[in-house]
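Keep the structure open beside you as you read.

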Amino acid sequence: MNTTLLTAGPETLASGSPADPLGTSVAQARSAHLEELIREDPGRFRVLTGDRPTGRLHLGHYFGTLHNRVRLQDLGVEMFVLVADYQVLTDRDVADDLTGHVEELVLDHLAIGVDPARSTVFTHSAVPALNQLLLPFLSLVSVAELNRNPTVKDEIAHSRQSAVSGLTFTYPAHQAADILFCKANLVPVGQDQLPHLEITRTIARRFNDRYGNGTAVFPQPDALLSSAPLLLGTDGTKMSKSRNNAITLAAGADETARLIKGAKTDSERHITYDPVTRPEVSSLLLLAALCQERTPEEVASGIGSAGAAALKATVTEAVNEYLAPIRARRSEYAQDRAYLHQILREGNERARAIADATLAEVRTAMNSHY
Ligand code: TRP
């Protein structure tokens, strides 16, 4: 794998402009180009992606990111899936059932088709050398830069914590360590994560400039923006675990039927796809369409004037049919907790070997080999 291949060039991701503060349009154009490169030669990419273990994943996660992970893996891209068990500490004050959440996250990945023989699933806390990168990385960003990060600002504004912790403030630099420890050159993200990726790129560039002696120790990874549309939850707002409006991958068929039955719609009997004026109905159509690989318009015309009840019946059937094999695999793996832990042990071991090698390189570059 050539990690420096994508680090330079005029189309490199730029910082946002006032009209496009996250730099989304540049990242979108870049992503389309990257998709071509992936199809041509998947072997030149290493992907790092991850989630905070906060519980079971839902359909919003699935069509937003999870589906894309399996797609990349199956295209032949090497993949690292991080269970961000340190970053999750930014979310809460209280000790939670972390082990349980980690297990659920691994289960969800196995169920959707992440293959531990091809992809490395690992946790932050088991990879000391990854975490050690945080120190030199923090020296390369200013407090003002951390302070400006719009994603962190937003998280602080919506935080359930009583005070902003130092970890919350600095986690974008930690996320740079997540990505750079394995020299990933591709990070599939939603647009809310673009500012973090920009910090990662800045850290990589500054490290190389300051310590690289003319060589690039770290690649400047690219964001791969997913084109996945936003799914709404059953109450018509963004699908999210904390809003209690989500359909999880693990939910049973009956529970799914009940949740969809209670979903918000509108009083117009004729079903049409119009995301602007009919967001709730359109999101349900979109969900059925994603499950059936049809367009939402096609789903809508199949329902016509049969009303919301018919729409919900269609969506329920589509979701349950689509998720049936995923759910079957999930319950099979759920029987065997020892296997889940074995997957993590093996992934952690692999991640540790890579992190140790990177840290050794960093020490050499920084002249701190004693
Ligand atoms: N910040 C991501 C989230 O909140 C999780 C995450 C941690 C991550 N480290 C990462 C994502 C590195 C991509 C790359 O979901």
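Across the boundary between the two domains, 17 residues of domain 1 are in contact with 12 residues of domain 2. Please keep in mind throughout that this is a predicted model. The domain assignment gives domain 1 as 24–230 + 337–365 and domain 2 as 253–334, and their C-alpha centres lie 32 Å apart.

How much area is buried between domain 1 and domain 2? The figure is about 1,300 Å², with carbon and sulfur atoms giving 67% of that. On the domain 1 side, Leu59, Phe63 and Ala111 supply 41% of the area buried against domain 2, more than any other three residues. Charged groups take part as well: two salt bridges are found across this interface. If you click on Arg330, you will find a salt bridge to Asp108, whose closest N and O atoms are 2.6 Å apart. Both residues belong to a network of salt bridges that links Arg56, Glu104, Asp108 and Arg330.

The count for the structure comes to 17 salt bridges. One of them joins Asp91 to Arg52, with 2.7 Å between the closest N and O atoms. Asp91 lies in the loop between β2 and α3 (98–112) and Arg52 in the loop between β1 (46–51) and α2 (59–75), so this pair ties together parts that are 39 residues apart in sequence. Are these two partners buried or exposed? Asp91 has a relative accessible area of 15%, which makes it buried, and Arg52 is buried too, at 17%. Arg52 has another neighbour worth a look: its charged end sits over the ring of Tyr171, 5.0 Å from the ring centre.

Next, find Arg118 and Asp74, whose side chains meet in a salt bridge at 3.3 Å, N to O. This pair also links distant parts of the chain, with Arg118 in the loop between α3 and β3 (119–123) and Asp74 in helix α2, 44 residues apart. Here Arg118 is partly exposed at 44% relative accessibility, and Asp74 is partly exposed at 46%. A further salt bridge connects Glu280 with Lys264, the closest N and O atoms being 3.4 Å apart. Because Glu280 is in helix α11 and Lys264 in the loop between α10 and α11, the bridge ties together parts 16 residues apart in sequence. Glu280 is buried at 15%, while Lys264 is partly exposed at 44%.

Now for the aromatic rings. The structure holds 10 aromatic pairs. Among them is the edge-to-face pair of Phe80 and Phe181, with 6.3 Å from centre to centre and 90° between the planes. Phe80 is in strand β2 (residues 78–83) and Phe181 in the loop between α8 (166–180) and β4 (186–189), so the pair links parts of the chain 101 residues apart. Phe80 is buried, with a relative accessible area of 0%, and Phe181 counts as buried at 0% as well.

Leaving aside residues up to four places away in sequence, Thr200 touches Gln175, Ala176, Ile179, Leu180 and Pro221.

Finally, a few loop residues deserve a visit. Lys241 is in the loop between β5 (222–225) and α10 (253–261), and counts as partly exposed at 42% relative accessibility. Lys241 and Gly60 are 181 residues apart in sequence, yet 9.6 Å apart in space, C-alpha to C-alpha. With residues up to four places away in sequence not counted, Lys241 touches Thr54, Gly55, Arg56 and His58.

Most residues other than glycine have a negative phi. Against that background, look at Lys183, whose phi is positive, near 55°. Lys183 is in the loop between α8 and β4 and is buried, at 15% relative accessible area. Glu293 likewise has a positive phi, about 50°, although it is not a glycine. Glu293 is in the loop between α11 (279–292) and α12 (296–303), and it counts as exposed at 74% relative accessibility.

Terms used
Residues numbered from 1 in each chain as written. Predicted model: local features only at pLDDT ≥ 70, side-chain atom pairs only at ≥ 80, totals over all residues. Heavy atoms only, no water. Phe/Tyr/Trp six-rings, centres within 6.5 Å; stacked < 30°, edge-to-face > 60°. Helix = DSSP H or I, 4+ residues; strand = E, 2+ residues; numbered from the N terminus. Buried < 20%, exposed > 50% of the residue type's maximum accessible area, 1.4 Å probe, protein only. Lys NZ or Arg CZ within 6 Å of the ring centre and 35° of its normal. Domains from an automatic or database assignment. Contact = heavy atoms within 4.5 Å. Buried area = accessible area lost by both parts, 1.4 Å probe. Salt bridge = Lys/Arg side-chain N within 4 Å of Asp/Glu carboxyl O.
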